[in-house]
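Hi,

Here is the structure I said I would pass on.

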Amino acid sequence: MNVGTQDPSHLTGGQKLAVKYYTVAVVLFTAQILFGLLAGLQYLVPEFGYNVLDFNVNRMVHINAMVLWMLYGFIGAIYWLVEEEAGTELVGLKLGNLAFWVLTAAITVVVLVYVFVQTGPGEMSTIWLINEGREYIEAPRWADIGIVVCLLVFFWNIAATFMKGKWSGISGVLVLDLVALTGLYLAGMFYTPNISVDQYWWWWVIHLWVEATWEVMIGCIMAWALIKTLGVRREIVTTWLYIEVTLMFGSGILGLGHHYFWIGTPEYWLAVGGAFSVLEPIPLVAMVVHALYDSGVHRFKNSNHPAMAWLIVHTFGNFFGAGVWGFMQTLPQINVYTHGTQWSSSHGHLAFFGAYATINIAMFYLALQKWRGNVYMSAGLADNGRKWKWALGLLSAGTLGMTMALLVSGYEQSFVERALGGSTWAAYFEAQRTHWFMQGMFWRQVWGVITAIGLAILIWDMLTIGRKETRSMVLPANHVEATA
Ligand code: HEM
Ligand code: HEM
Ligand SMILES: [Fe+2]
C-alpha cells in the first residue's frame, strides 16, 4: 500500500461499502444545493420554471436529497468504523452491498418520478406510487417499504458484527440508537385522512430523528472520530457520550411538543413542549465543551487537519443552529409569531448544516486519508491546505449568510403578518411584499451561490487531496497525561 494511492483494494469490505455510500452522499449533496438554488430563484423570479419545474417540486427534491445524503453519510460512517470497533469482519458484506444497490436504485426512481410526474389524483394510488405528501419524507409507499428493508439489513449487519466481535460503550449506544432510528421511520408511513393525527405521527420521524436519534448517532461517530484524530482515551469519550445521550434523550423526546403547539393537539403540549425543548441546548453545550476540551488537552495535535476542523465547526454549528436558533423560537409565546415563517427556515438551514453536513464531511476526510494509504493530512499540506480551508470557509460563510438573510425575512414576516396584521390571509401576502422580506430573499440567493462555490471546491479537494503526498500519517499521541 503506497502513500498517495488511488487504489482502494487495501480497504476492508465494510470500508469499501462505506465509500460507495459516501459517493452517493456527495452526489445527493450536489443535487440538494442545485435544487435549493432553483427554489430560491423562484422567490425572486416567480414565473421561472412555472409548470415545468414548480417550486414545490424543487423544494421537495432539495430537502429530500438533504435527508437522504445525510442518512447515506451516516450509514457510510458506521460501515466505516464497525469492523475496527468490533475487531472482526462485517458479517453480511454481500447482503450489505445488495441493500446498497437496491436502495440507490429505488431513490433514483423516486427522484425521477418526482421530477417527471409532478401531480397525481388524490387517491391511495398516488400515495403508493408517486408521493406521500409528508414534508422531508415524501417518498411513495413502495419506496418506504424498500427503505425499511434496507435499513433492517443495515441494522442486522451492524448488530451481528458487534455480536460476533466485541462490544464497546460506543457500539452499545450506537446499536440501541439504530433500533429507534429504524423503528421511528414506520411512524411516517401511517396514513389517516385527519391532518392533525397525520402530523402528530409525522413529527415522530422528523423531530425524533434530528433532535434525538441523529444527535445520539453523531455523538457516537464524534466519540470514535476523536479517538482517531486526537488519540483521546476511550474512557474519556465514553463517559462524555453517556452524559450527552442521557441529556439528549431527557430533553429531546418530550421536546417534540414544540411541534404540537398549533396542529390541534391538547393544550398541555404548550407547557410540555416549551419546558422540555428549552433544555435541549444543554447537551449541545456539553458537546462543544467535550470536543474543545479534548482538542485543547492534546494541543490540537491531530492526524487529520481537515477532519478535525470540520468536527470543531460541527460542535459550534450544532450548538448555534440547533441550540440557539431553535431556542429562539421554541417558547409558545414566541412561536405563535414565528411559526412557519422564514425564521423557521433560518433555523432549519443552520441546524441541518451545522449539525449534520459538517460531521459527515469530517468523516469523508477520515475515509479519504485511509483510502490514500494512510497519507499525511496534518499541518503543512502540499497546497498549504488551501482548498479544504476555502471549502470550509465558503460553505460555512455561505450557510451563515443564508441564515442571517432568512432571519431578516422571517422577522419581517413575524412583525408584519402576525404582530401587525393579526395573521390574516391578506397580511400573509402583505408581509411577503415588504422591502425587508424581499431583501432577505435576495441575499439568501447571493449567499446560496457562495455555498455552492464552497461545495464545488470541497469536491475538488476530496478528489485530489493526498494524491501527490509522499509523507505518511502522523499518529496522534496516545494517553496524554492531562486527560486522566
Ligand atoms: C440538529 C438538530 C435540529 C435540526 C436539524 C432542526 C431542524 C428543524 C427544521 C428543518 C424545522 C422546520 C420544520 C418544518 O418544516 O416545519 C425545525 C423547526 C423547529 N425547531 Fe428545530 N432543529 C433542530 C434542533 C432544534 C432544537 C434543539 C430546538 C429547540 C431548542 C428546536 C426548535 C424548533 C422549533 C420550535 C421549531 C418549529 C418552528 C416553527 O414553528 O415553524 N430545533 N427544526
Ligand atoms: C445553495 C444554497 C441553498 C439555497 C439557495 C436553499 C434554498 C432553499 C429554499 C428556497 C427553501 C424553501 C423554503 C421555503 O419553503 O420558503 C429551502 C428549504 C430548506 N433548506 Fe435550503 N437552500 C440551500 C442550502 C441548504 C443547505 C446547505 C441546507 C442544510 C444542510 C438546507 C436545508 C434546508 C431545509 C431544512 C429546508 C426546509 C426549511 C423549512 O421548511 O423550514 N438548504 N432551501
Ligand atoms: Fe423539533
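Let's start with the overall build: a compact globule of 484 residues would have a radius of gyration near 23 Å, and the protein chain has 22 Å, so the two agree. (That radius is taken over C-alpha atoms, and the globule rule is 2.2 Å times the number of residues to the power 0.38.)

Before you go further, please keep in mind that this is a predicted model: local features need pLDDT of at least 70 and side-chain atom pairs count only at pLDDT 80 or more, while totals for chains, interfaces and linings use all residues. Residues are numbered from 1 along each chain as its sequence is written, and chains are lettered from A and ligands numbered from 1 in the order in which they are written.

The C-alpha trace of the protein chain spans about 65 × 45 × 45 Å along its principal axes. The secondary structure consists of 16 helices and 0 strands; these are DSSP runs numbered from the N terminus, with helices being H or I of at least four residues and strands E of at least two. Buried residues account for 48% of the 484. Here, buried means 20 or more other C-beta atoms within 10 Å of the residue's own, exposed means 12 or fewer, and partly exposed is in between, with C-beta atoms placed from the backbone. Of the contacts between residues at least 6 apart in sequence, 81% join residues at least 24 apart. A contact means that the two C-beta atoms, placed from the backbone, lie within 7 Å.

Now the ligands. I count a residue as near a ligand if its C-beta atom, placed from the backbone, lies within 6 Å of it.

Ligand 1 has 22 residues around it, and A322, G326, S344, G348 and A351 come nearest. At least two residues of this shell come from each of α7 (195-230), α11 (305-328) and α13 (342-371). The largest share is that of α13, with 6 residues. By class, the shell around ligand 1 holds 7 nonpolar, 12 polar and 3 charged residues. For these classes, Ala, Val, Leu, Ile, Met, Phe, Trp, Tyr, Cys and Pro are nonpolar, Asp, Glu, Lys and Arg are charged, and the others, Gly among them, are polar.

Ligand 2 is surrounded by 20 residues, with G36, A39, G40, G348 and G448 the closest. Two or more residues of its shell come from each of α1 (13-44), α2 (55-86), α13 and α16 (435-464). Again α13 gives the most, this time 7 residues. The shell around ligand 2 divides into 9 nonpolar, 10 polar and 1 charged.

Since α2 turned up there, what does that helix look like? Its 32 residues should span 46 Å at 1.5 Å a residue, and its end C-alpha atoms are 46 Å apart, so expectation and model agree. (The expected span is 1.5 Å times one less than the number of residues.) α2 has a kink of about 25° centred on W80, where the bend is the angle between axes fitted to the seven residues ending there and the seven starting there. Most of α2 is covered, with 26 of its 32 residues buried. G87 follows the helix and has a positive phi, near 70°.

Beyond its neighbours within four places in sequence, T161 is in contact with V82, E83, A86, T88, L90 and V91.

Most residues other than glycine have a negative phi. N51, in the loop between α1 and α2, has a positive phi near 70°. N384, in the loop between α13 and α14 (386-420), has a positive phi of about 65°. N51 is exposed, with 7 other C-beta atoms within 10 Å, and N384 is exposed with 9.

Lastly, V375 is in the loop between α13 and α14 too. With 24 other C-beta atoms within 10 Å, V375 is buried. V375 and S472 are 97 residues apart in sequence, yet their C-alpha atoms are 4.6 Å apart in space. Leaving aside neighbours within four places in sequence, the contacts of V375 include V3, G4, G466 and M473.

Cheers
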